[in-house]
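Here is a friendly briefing to read alongside the model.

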Amino acid sequence: PGPLAFQFVSDTFSYIYSQAMIRALDLIESDLKNGIDPAEKWAASKRKIQIKSSLPPPKFCDPLYCVVDEAPGCINFEKPTYGWWGARVEDPDDSLNPHKGEVQNWEVWHVDEPIWRGVSKQDQIFFEDRDDKEICRHLDACGGISATSKDSGSVVFRLPKQEVGLVVICGCCGKEVGTEMILNNTNIEISYNGEVLDRNTWDIWPNGKCVRLMKKFDANVAKATTGHNYLKIEALG
């Protein structure tokens with residue numbers, strides 16, 4: 001789930017950290033049995049500090065993108081979303097918005113899921129006739145931002161700091177929507193820093209719902225004019 005596999009990553013961290021905690025408890029238990037004070041043995045001041053250079057090379061990472069220290073930044077419109085935003089929808093009237101004065105009326109929406117989605121049958125039976133059954137509704141909801149017609153104009157994203165130049169957008173909802181919704185969709189035009197991108201250079205990446213608009217910076221990429229890089233998607237029809 002998730003265009004950038006963030007669910008897979010978060011599940012992996014949870015699994016690894018759970019294994020680490022079990023291992024730590026085993027070590028503490030062993031120390032206690034041997035009359036050793038775990039608080040003294042494992043004091044933070046005595047632990048070896050691990051930094052990036054302490055780690056082995058990553059097993060799975062495109063060398064093109066493994067040259068940066070930070071993970072890719074992104075914006076998504078799903079609920080709930082936590083943490084620091086990467087890209088953001090720019091205020092149409094912001095003084096730095098290079099498309100200020102143009103129509104920018106795309107709308108954020110969310111899928112209205114049934115109240116009993118993801119709820120066990122037992123809980124459904126227990127709550128379905130209660131006045132407080134709304135507490136059963138799952139917080140998760142897919143979402144997106146879109147134009148209702150060409151009159152909606154465009155949406156402009158202010159991009160975070162870029163070192164490599166990778167830009168990817170993903171569609172909702174479905175695992176293979178990237179081709180029809182983005183790659184072959186002639187009803188949209190996408191610009192980077194005011195210059196229209198050549199769709200012949202786009203490709204499906206890293207999965208069927210996403211399209212890579214830019215693989216990396218090169219001499220032909222338009223430069224930022226206001227201190228930030230901007231991506232504009234305009235509805236043509």
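A disulfide is a pair of cysteine sulfur atoms within 2.5 Å. With the bonded cysteines of the protein numbered in sequence order, the pairing reads 1-2, 3-6, 4-5. The model is predicted, so local features need pLDDT of at least 70 and side-chain atom pairs count only at pLDDT 80 or more, while totals for chains, interfaces and linings use all residues. Residues are numbered from 1 along each chain as its sequence is written, and side-chain values use heavy atoms, with hydrogens and water left out.

**Disulfides and cysteines**

- Searching the whole structure turns up 3 disulfides.
- In the pair C61 and C66, the sulfur atoms are 1.6 Å apart. Buried means under 20% relative accessible area, exposed over 50%, and partly exposed in between (1.4 Å probe, protein chains only). C61 is partly exposed at 38% relative accessibility, and C66 is partly exposed at 27%.
- C170 and C210 also form a disulfide, with 2.0 Å between their sulfur atoms. C170 belongs to strand 5 and C210 to strand 9, so this pair ties together parts that are 40 residues apart in sequence. The torsion about their S-S bond is about 105°, so the disulfide is right-handed.
- C74 is in no disulfide; the nearest cysteine sulfur is that of C170, 8.7 Å away. C74 is partly exposed, with a relative accessible area of 33%.
- C136 counts as buried, at 14% relative accessibility.

- Helices (H or I, at least four residues) and strands (E, at least two) are DSSP runs, numbered from the N terminus. Two strands pair if DSSP finds at least two bridges between them.
- An open sheet of 3 strands has the order 5-9-8, and its pairing is antiparallel. Strands 5 and 8 stand at the edges with a single partner strand each, so one side of each has no neighbour in the sheet.
- Strand 9 (residues 210–214) is mostly covered, with 5 of its 5 residues buried.
- Strand 5 (residues 167–170) pairs with strand 9 in the antiparallel sense over 4 bridges. Within this pairing, V168 stands opposite R212 of strand 9.
- Strand 8 (residues 203–204) pairs with strand 9 in the antiparallel sense over 2 bridges. D203 stands opposite R212, and I204 has V211 as its bridge partner.
- Strands 8 and 9 form a hairpin, with 5 residues between them.

**A nonpolar surface patch**

- F8, V9, F13, Y15, I16, Y17 and M21 make a nonpolar surface patch of about 780 Å². Of these residues, Y17 is found in helix 1 (residues 6–33).
- Patches are made of residues with over 30% relative accessible area and no salt bridge; like charges are joined within 9 Å, and nonpolar side chains (Val, Leu, Ile, Met, Phe, Trp, Tyr) within 5 Å. A salt bridge is a side-chain nitrogen of Lys or Arg within 4 Å of a carboxyl oxygen of Asp or Glu. Accessible areas come from the Shrake-Rupley method with a 1.4 Å probe, and for residues only the protein chains shown count as cover.
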